[in-house]
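Dear colleague,

Please find below the structure that I am passing on to you, together with its sequence.

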Protein chains: 2
Amino acid sequence: MRDAFHDDLDKVSDDLVEMTTMVGDAMRRATASLLEADLATAESVIAADDDIDALRREVDDRAVDLLARQQPVATDLRMVVTAMHMASDIERMGDLARHVAKAARRRYPDGAVPQALHGTIREMADVADRLVAATGKAIADKDVHGAVEISRLDDQMDELHRKIFGEFLGQSWEHGTEAAVDTTLISRYYERFGDHAVAVADRIVYLVTGRYGTEDEGLRGR
Amino acid sequence: MRDAFHDDLDKVSDDLVEMTTMVGDAMRRATASLLEADLATAESVIAADDDIDALRREVDDRAVDLLARQQPVATDLRMVVTAMHMASDIERMGDLARHVAKAARRRYPDGAVPQALHGTIREMADVADRLVAATGKAIADKDVHGAVEISRLDDQMDELHRKIFGEFLGQSWEHGTEAAVDTTLISRYYERFGDHAVAVADRIVYLVTGRYGTEDEGLRGR
């Protein structure tokens, strides 16, 4: 009975890791569509988000099924509930990749972000890529140290987000209001992507140590 | 045994309704702090978000405890799992109220939103207020019709969000880049507030009918 439970739980964990792989791929391609004003890639990211949503629903269904059949208690129960919360956060990261792709599509054939800021967006995308890889690894390994790395990467993301906002100060912005609005939202999508990775990391910390992460997940959402 | 379960579940439901009351109050006061550049009110909204987060954690703990002690299956199990998902969405609505208050605090003693847009923000706040009230009522009554009303209100919210974005078009914006950026984010906070109400409504529809709402919750997040 115990082994059946852990086999099922491993399958849920595998699906969560698979979700992070899909989300990482989505965000990489969303960034490419944004910086290269590539409509076909943007469309494919938007369409592929359905697959992430479907896998999330599978995780939820499998978790509920697991609760019904195996009736876990204590830590085992916590792990199943945590998996559902993680699936929710990872699915939301997929939504944010889709938002980036939609911003690219909305301004096509123009670019949504001024050329001068491509470097910073590229840095955000790079941090996002490392965040989602670290998230997948932390889930697979149930690794608290991975959570620390995620928190560190998220600090880098916040720094880049602030750097973008610095561009809007005073009279220095010369790209027009619409570009400022687009850039604001796009920068926020990357920043929120990081927040959800941290939420997943905090769940892992809680699961392993019984204590909430460095910062409370509910307080962290910005 | 069955009665103990439903007593416990009622308590969870009461807590969710209480959360919507707290969130509604937070958003009303956040809007006041924003439109009146009222620092004390902004600070109190930011501080009070901890109470919403704490109640969310209570709901989660109570739900896990309920699963462990009562081992519900089928619809009963789905109801407990759904309650946890709802708590997550409602808590996030509280975060969004806090974001509005933080935007007010950041620009104090100036206003974060140009006077010319106060009317539209007031309309968004009014829709937000009706959304959260309808959400509380739909949870209390397990009412699918309430979900339809929530969807209709969210459409109004999206319309107002688009109206704000219309202000940024062409050369018509005369309030500077920073005000555009602030207004963009604030408008998005209200719009996301509506999305989370819809996510709760979709959960109720699923619980009552076994079918997903008019739109899939995962696809809806914008």
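Helix H6(A) has 33 residues and reaches 47 Å from its first C-alpha to its last, close to the 48 Å expected at 1.5 Å a residue (the expected span being 1.5 Å times one less than the number of residues). Of its 33 residues, 29 are buried, so H6(A) is largely enclosed by the rest of the structure; buried means under 20% relative accessible area, with a 1.4 Å probe and protein chains only. Gly210(A), with a positive phi near 75°, follows H6(A). Helices are DSSP runs (H or I, at least four residues), numbered from the N terminus.

As to conventions, this is a predicted model, in which local features need pLDDT of at least 70 and side-chain atom pairs count only at pLDDT 80 or more, while totals for chains, interfaces and linings use all residues. Residues are numbered from 1 along each chain as its sequence is written, chains are lettered from A and ligands numbered from 1 in the order in which they are written, and side-chain values use heavy atoms, with hydrogens and water left out.

Helix H3 of chain A, residues 74-107, spans 51 Å between its first and last C-alpha, close to the 50 Å expected for its 34 residues. H3(A) is largely enclosed by the rest of the structure, because 26 of the 34 residues are buried.

Turning to the interface, about 3,700 Å² is buried between chain A and chain B, and carbon and sulfur atoms give 54% of that area. Buried area here is the accessible area (1.4 Å probe) that two parts lose on being put together, summed over both. In chain A, the residues losing the most area to chain B are Arg57(A), Gln71(A) and Thr177(A), together 13% of what that side buries. The contact (heavy atoms within 4.5 Å) takes 44 residues from chain A and 44 residues from chain B.

Two salt bridges are found across the interface of chain A and chain B, a salt bridge being a side-chain nitrogen of Lys or Arg within 4 Å of a carboxyl oxygen of Asp or Glu. Arg78(B) and Asp61(A) form a salt bridge through their side chains, at 2.9 Å from N to O. On the side of chain A that touches chain B, helix H2 (39-70), H3, H6 (177-209) and helix H7 (217-220) each supply at least two residues.

Finally, Val113(B) lies in the loop between helix H3 (74-107) and helix H4 (118-141) of chain B. Val113(B) counts as buried, at 5% relative accessibility. Among the residues that Val113(B) touches are Leu34(B), Ile121(B) and Ile186(B).

With kind regards

Terms used:
Buried means under 20% relative accessible area, exposed over 50%, partly exposed in between (1.4 Å probe, protein chains only). Lists of a residue's contacts leave out its neighbours within four places in sequence.
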